Amino acid sequence: MSFQIEINKTIVTVKLENKKNIKHCYLRILNSDLIQIRANKYFTIFDAKELINRKKDWIEASILKMRKKLINDDEFLFLGEVKKLEEYQIKNIDIFYKNEIKKILPSKVEEFSKKMNLFPTSISYRKNKRTWGSCNHKNGLNFNILLMKFPIEIMEYVIVHELAHIKHKNHSRDFWSLVAIYCPNYKEVEKLFKRFL
């Protein structure tokens, strides 16, 4: 018997196989949209859903890793989804990301600046290996163009994070309290972010 669940905004099928001779429960991710659970004959769909709920973080991380490995040379990540280079007629992915981030990010910065009443002196873009955003002593913000690879909520979190540095130039308790006001689920977003990396 099988049922469906939603993982990272994608529908995934869960196939439950009940076997007489199985003592333990086995959960396997067969591919990015199919999970197999093998268990004894008394193990119900309710039990299966409960198991998935308990293992949700691990399942999400495993599926993301699987999807990343499945990205072919003619594909790329765009706002958390796998896209074809051909569809977008991309010759240089870095130039594409830089052009796209300039279309989306400034209005997001403006939106959160007004909410937080914190305004940057400038916005710049770079491709960085280590940092996703930064705030300098003059309150100029810099953002990594590779943010375009991830879901939009990750970009929004990085924006809130860097705007908060205009007020607090450290990672103090006051800093995190300010971030939490405008991104209450920031810890979940950080977990999501780590799964993509």
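Where does Asn128 lie? Asn128 is placed in the loop between β7 (122-126) and β8, where helices (H or I, at least four residues) and strands (E, at least two) are DSSP runs numbered from the N terminus. The model is predicted, so local features need pLDDT of at least 70 and side-chain atom pairs count only at pLDDT 80 or more, while totals for chains, interfaces and linings use all residues. Residues are numbered from 1 along each chain as its sequence is written, and side-chain values use heavy atoms, with hydrogens and water left out.

Asn128 counts as buried, at 17% relative accessibility. Buried means under 20% relative accessible area, exposed over 50%, and partly exposed in between (1.4 Å probe, protein chains only). Leaving aside neighbours within four places in sequence, Asn128 is in contact with Asn142, Asn144 and Leu146; contact means heavy atoms within 4.5 Å. Asn128 and His24 are 104 residues apart in sequence, and their C-alpha atoms are 46 Å apart in space.

The pockets were considered next. On a 1 Å grid over the protein atoms alone, a cavity is a set of points where a 1.4 Å probe fits but cannot get out, and a pocket is an open set with protein on both sides within 12 Å along at least five of seven lines; lining residues have an atom within 4 Å of a point. Grid points are joined across faces, edges and corners, and a volume is the space filled by probe spheres set on the points.

The largest pocket has a volume of about 640 Å³. It is lined by 26 residues, of which Asn8, Lys9, Pro151, Leu192 and Phe196 are the closest to its centre. Two or more lining residues come from each of β1 (2-7), α2 (56-69), β6 (81-84), α5 (152-167) and α7 (186-196). The element that gives the most to this lining is α7, with six residues. By type, the lining of the largest pocket holds 11 nonpolar, four polar and 11 charged residues. Here Ala, Val, Leu, Ile, Met, Phe, Trp, Tyr, Cys and Pro count as nonpolar, Asp, Glu, Lys and Arg as charged, and the others, Gly among them, as polar.

The second largest pocket holds about 230 Å³ of space. Among the 11 residues that line the second largest pocket, Trp132, Tyr157, Val158, His161 and Phe193 are the closest to its centre. Both α5 and α7 supply at least two residues of this lining, and the largest share, four residues, comes from α5. The lining of the second largest pocket divides into five nonpolar, three polar and three charged residues.

Helix α5 has 16 residues and reaches 24 Å from its first C-alpha to its last, close to the 22 Å expected at 1.5 Å a residue. The expected span of a helix is 1.5 Å times one less than its number of residues. Of the 16 residues of α5, 12 are buried, including Ile154, Met155, Val158 and His161. The cover over the buried residues of α5 includes α4 (93-116), β8 (133-135), β9 (140-144), α6 (173-182) and α7.

Tyr157 is found in α5 and is buried, with a relative accessible area of 5%. Not counting residues up to four places away in sequence, Tyr157 touches Trp176, Val179, Cys183, Tyr186, Val189 and Glu190. Tyr157 and Lys169 are 12 residues apart in sequence and 17 Å apart in space, C-alpha to C-alpha.

The cysteines were examined for disulfides. A disulfide is a covalent bond between the sulfur atoms of two cysteines. With a disulfide taken as a pair of cysteine sulfur atoms within 2.5 Å, a search of the whole structure finds zero. Cys135 is buried at 19% relative accessibility, and Cys183 is buried with a relative accessible area of 7%. Cys25 lies in the loop between β2 (10-18) and β3 (26-31) and is partly exposed, with a relative accessible area of 32%. Leaving aside neighbours within four places in sequence, Cys25 is in contact with Ile37, Arg38, Ala39, Phe43 and Leu51.

Most residues other than glycine have a negative phi. Leu79, although not a glycine, has a positive phi of about 55°. Leu79 is found in the loop between β5 (75-78) and β6 and counts as partly exposed, at 29% relative accessibility. Asn139, also not a glycine, has a positive phi of about 70° and is found in the loop between β8 and β9.
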